[in-house]
Amino acid sequence: MPWFRNFIHLVKQSPPQRKPAALMAHSPPSLTQLLRHFSSSSSQIHSNHPGSRPTKGDEKPRVVVLGTGWAGCRLMKDIDTNIYDIVCISPRNHMVFTPLLASTCVGTLEFRSVAEPIGRIQPAISREPGSYFFLANCMGVDFQNHQVHCQTVTEGVDTLEPWNFKVAYDKLVIASGAEASTFGIKGAREHATFLREVYHAQEIRRKLLLNLMLSDVPGVTEEEKRRLLHCVVVGGGPTGVEFSGELSDFIKKDVHQRYSHVKDYIHVTLVEANEILSSFDDRLRVYAIKQLTKSGVNFVRGIVKDVQPEKIILSDGTDIPYGVLVWSTGVGPSSFVNGLEVPKAGGRIGIDEWLRVPSVQDVFAIGDCSGFLESTGKSVLPALAQVAERQGKYLAKVLNDVGKSGGGRANGATALDLGDPFVYKHLGSMATIGRYKALVDLRQSKEAKGVSMAGFSSFFIWRSAYLTRVISWRNRFYVFINWLTTLVFGRDISRI
């Protein structure tokens, strides 16, 4: 085993320490020493590691997947592990079921209900000798030598320093997603909370509880109470609207009961530069505004110019104090994608009709990080979960067919026909607005005709549709039980 050989080597080669002889026998190398040694000896370790060195002729070809979002996870779920080994590289070891993330902020759902470990999605990563998951960020790609350059994730662990390593690939799938967009607004990244990861929802939940407690302390001024209990949401897309609806429900049904002393101080403001839910039918938009207003959500139309620790400043000079600030203004390309020297489509990795990056061999890109090149005649697809999932499913079939045809090795599929190109058909949009009401817009585009509905029946369709999309039966059960108990008994505010 490579790590054991290096351990023995380190023990034998470690220089003598100036310690009493009685202590020398009981002073093995620290974990930090080991990691630093492994880092300095990285070329030897990485060349021997079965999950990073180039594959041999008697081994299965390797598919390296960057990312654990909707696209990457659907791809890994459907990849035939009898044909390929899978190496997944990502800074998180689970998939987040993002459409239900807003519900976890206020206790409608528990966090474990919306997170699925990668080992459950693709068991081969935990069981097969040639398949691995590496907790790391991809720092760059050497397309010519078929290698990705990675750096370990060690945030929150002061004693560990990140170290670099390389992973060879036969096929590379870039599914690294996108980053929350702040449009360069000063202070947004430092002071706002985004709603894209489980730890974001946990932070929002922590701030809500903390501010409720602080506002009830004797001596807190009226002005400070109103600031602490003012929840501001920037961005009127589905995420911002859904969080505003969940939060207004929480205030009406739980805060008014359990925190009656401060119930008149807590309120929600939704700030949007244009129109909320701009991709939805106008009739549904009007209905959403009416219902959210009835729930106590205050709408402000304006552009945020500056974000400060306790207030945001709009372009017209208006100050809006806040206790919790949630930012949901859309997504943009990550620094990793920006650094790749490949053709781009609207800042995203340019792909052809088969989701290939045409300028390099054996590289595919799917999900929010990719977009069709102008030469394909197709428009860049929206950054939606259903787009990413459909691309992952399609590409898994393509790679399985390539592997069965003997083209799984590096540079082995140059002459193969990949079959029918990827075609996306929009299935519609859904969003919840609180109070057991939702919007369902089944039109293929805003200009097209089709079914659109709102109300409790839409909420039932919204919840049922997402219940069927949760990866495992375990999580489906958690979501169903959480939803049912909340519907009947309300939230357990002790968990909030």
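Strand β1 (residues 62-66) and β8 run parallel and are joined by 4 bridges. Helices (H or I, at least four residues) and strands (E, at least two) are DSSP runs here, numbered from the N terminus. Two strands pair if DSSP finds at least two bridges between them.

Before I go on, the conventions. This is a predicted model, where local features need pLDDT of at least 70 and side-chain atom pairs count only at pLDDT 80 or more, while totals for chains, interfaces and linings use all residues. Residues are numbered from 1 along each chain as its sequence is written, and side-chain values use heavy atoms, with hydrogens and water left out.

Back to β8. Residue V65 stands opposite V173 in β8. Strand β8 also has 3 bridges to strand β21 (residues 363-365), and these two run parallel as well. There, F364 of β21 is the bridge partner of V173.

Which way do the residues of β8 point? In β8 (residues 171-174), K171 and V173 point one way, L172 and I174 the other, and all are buried. Buried means under 20% relative accessible area, exposed over 50%, and partly exposed in between, with a 1.4 Å probe and protein chains only. In a regular strand the side chains alternate between the two faces of the sheet.

Next, the cores. A nonpolar core is a set of buried Ala, Val, Leu, Ile, Met, Phe, Trp, Tyr and Cys residues joined through side-chain atoms within 4.5 Å. The largest one has 109 residues, and I89, V148 and I174 touch the most other members. Helix α15 (residues 385-404) gives the largest share of this core, 8 residues. Apart from it lies another core, of 16 residues, including A188, V232, Y322 and L325.

What does V148 touch? Contact means heavy atoms within 4.5 Å. Not counting residues up to four places away in sequence, V148 touches V64, I89, C138, G140, V141, F165, K166, V167, Y169 and L172.

S244 is in helix α12 (residues 238-258). Its relative accessibility is 0%, so S244 counts as buried. With residues up to four places away in sequence left out, S244 touches V233, V268, L270 and V297.

Now S315, in the loop between β15 (311-314) and β16 (319-321). S315 counts as partly exposed because its relative accessibility is 48%. Leaving aside neighbours within four places in sequence, S315 is in contact with I303 and K305. From C-alpha to C-alpha, S315 and I303 are 5.6 Å apart in space, and they are 12 residues apart in sequence.

Two backbone angles next. Most residues other than glycine have a negative phi. D362 is not a glycine, yet has a positive phi of about 65 degrees. D362 sits in the loop between β20 (348-351) and β21, and is buried, with a relative accessible area of 8%. For N411, also a residue other than glycine, phi is positive and near 60 degrees. N411 is found in the loop between α15 and β23 (429-434). N411 is partly exposed, with a relative accessible area of 44%.

Last, the surface. Helix α10 (residues 198-215) holds L210, which counts as partly exposed at 38% relative accessibility. Together with L214 and V217, L210 forms a nonpolar patch on the surface, with about 220 Å² of accessible area together. Accessible areas come from the Shrake-Rupley method with a 1.4 Å probe, and for residues only the protein chains shown count as cover. Like charges are joined within 9 Å, and nonpolar side chains (Val, Leu, Ile, Met, Phe, Trp, Tyr) within 5 Å.

Key: Patches are made of residues with over 30% relative accessible area and no salt bridge: like charges are joined within 9 Å, nonpolar side chains (Val, Leu, Ile, Met, Phe, Trp, Tyr) within 5 Å. A salt bridge is a side-chain nitrogen of Lys or Arg within 4 Å of a carboxyl oxygen of Asp or Glu.
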